[in-house]
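Hello,

Here is the structure for you to open alongside this note. My findings follow below it.

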Amino acid sequence: MSVWRERLLRWARAPRDAGQDRGAAFVEMGATVILAALIIATVYASGVSSTFNEGVRQMVCLVNGPGCGDQTWVDEDRPDEPEQFEWGSGNSNASDNKNLGMQAAAADPYNWTDQEWTCLDGLWSAMSNWDSGMVDPTTGARGIVGFNPAEHGALPSGFGDSASAQINWGLGYIQEAHGSPCTAWRYWQSTGYY
């Protein structure tokens with residue numbers, strides 16, 4: 001029996017030369033894979049994994065999740081999607097607002113006509129498509145002229161309710177900040193704001 005034992009141990013020992021391997025590396029790898037599979041199966045069957053997962057879930061709940069009842073953080077009510085705005089969608093007053101803008105731009109103190117009007121139309125069409133109710137959820141720009149409280153300060157009185165108030169503010173702002181609609185339009189084309 002000792003002869004068989006000696007042969008078995010010699011065969012299972014790591015070879016000194018690759019030519020003497022006789023499959024020992026394959027047997028070692030197989031034994032390692034089987035041992036790892038047994039450990040994983042034992043952990044899974046023992047319920048340790050669910051205990052660990054529950055502990056992690058409770059930590060998430062304590063930091064930034066729902067109350068740790070039966071509800072998981074994945075089940076938490078998600079906020080409604082923000083309203084999607086398509087420029088000018090549902091703006092039935094666009095042509096009326098353009099007419100108001102043209103009249104105001106042509107009147108004193110501006111006296112802007114022809115090319116300046118074309119630039120103003122391009123600018124405010126790009127900003128809001130002449131929609132007095134437009135609110136850009138990304139920048140906060142409002143109304144026909146793209147008034148942005150973060151850049152322009154407090155919302156002027158009556159601004160939200162009146163296309164005329166928006167147009168009058170916008171014309172004054174263009175004259176003060178840029179001098180003319182074409183200058184403001186060129187600036188907008190290169191920067192995305194005016």
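**What is in the model**

The protein has eight helices and zero strands. Helices (H or I, at least four residues) and strands (E, at least two) are DSSP runs, numbered from the N terminus. From that end, the elements read α-α-α-α-α-α-α-α.

Two notes on the source. This is a predicted model, in which local features need pLDDT of at least 70 and side-chain atom pairs count only at pLDDT 80 or more, while totals for chains, interfaces and linings use all residues. Residues are numbered from 1 along each chain as its sequence is written, and side-chain values use heavy atoms, with hydrogens and water left out.

Of the 194 residues in the protein, 25% are buried. Buried means under 20% relative accessible area, exposed means over 50%, and partly exposed is in between (1.4 Å probe, protein chains only). Take the contacts in the protein with a separation of 6 or more: residues 24 or more positions apart account for 44% of them. Contact means heavy atoms within 4.5 Å.

**H4 against H7**

Helix H4 covers residues 94-106 and helix H7 covers residues 163-177. They pack at an angle of about 40°, with their axes 10 Å apart. Axes are lines fitted to C-alpha atoms, for helices over the stretch in contact, and angles run from 0 to 180 degrees between N-to-C directions. H4 and H7 are therefore oblique to each other. The classes are: under 35 degrees roughly parallel, over 145 roughly antiparallel, 65 to 115 roughly perpendicular, and the rest oblique.

Which residues make the contact? H4 brings Asn97, Leu100, Gly101, Ala104 and Ala105. H7 brings Ala163, Ser164, Ile167, Asn168 and Leu171. By class, this contact of H4 with H7 has six nonpolar, four polar and no charged residues. Here Ala, Val, Leu, Ile, Met, Phe, Trp, Tyr, Cys and Pro count as nonpolar, Asp, Glu, Lys and Arg as charged, and the others, Gly among them, as polar.

**Aromatic pairs**

The structure holds nine aromatic pairs. Rings of Phe, Tyr and Trp (its six-membered ring) pair if their centres lie within 6.5 Å; planes under 30 degrees apart count as stacked, over 60 as edge-to-face and the rest as tilted.

One of the pairs is phenylalanine 159 with tryptophan 169, which is edge-to-face: 6.3 Å centre to centre and 90° between the planes. Phenylalanine 159 lies in the loop between helix H6 (149-152) and H7, and tryptophan 169 in helix H7, so the pair ties together parts that are ten residues apart in sequence. Phenylalanine 159 is buried, at 2% relative accessibility. Tryptophan 169 is partly exposed, at 21%.

Tryptophan 169 also pairs with tyrosine 173: their ring centres are 5.1 Å apart and their planes at 10°, so this pair is stacked. Both residues lie in helix H7, four residues apart, about one turn of the helix. Ring pairs link Phe147, Phe159, Trp169, Tyr173 and Tyr194 into a cluster.

**Backbone points**

Most residues other than glycine have a negative phi, and most peptide bonds are trans. Aspartate 108 and proline 109 are joined by a cis peptide bond, with omega about 5°. Proline 109 sits in the loop between H4 and helix H5 (115-128).

Asparagine 111 is in the loop between H4 and H5. Its phi is positive, about 55°, although it is not a glycine. Asparagine 111 is partly exposed, with a relative accessible area of 47%.

Asparagine 129 is in the loop between H5 and H6. Asparagine 129 has a positive phi of about 55° and is partly exposed, at 28% relative accessible area.

Best wishes
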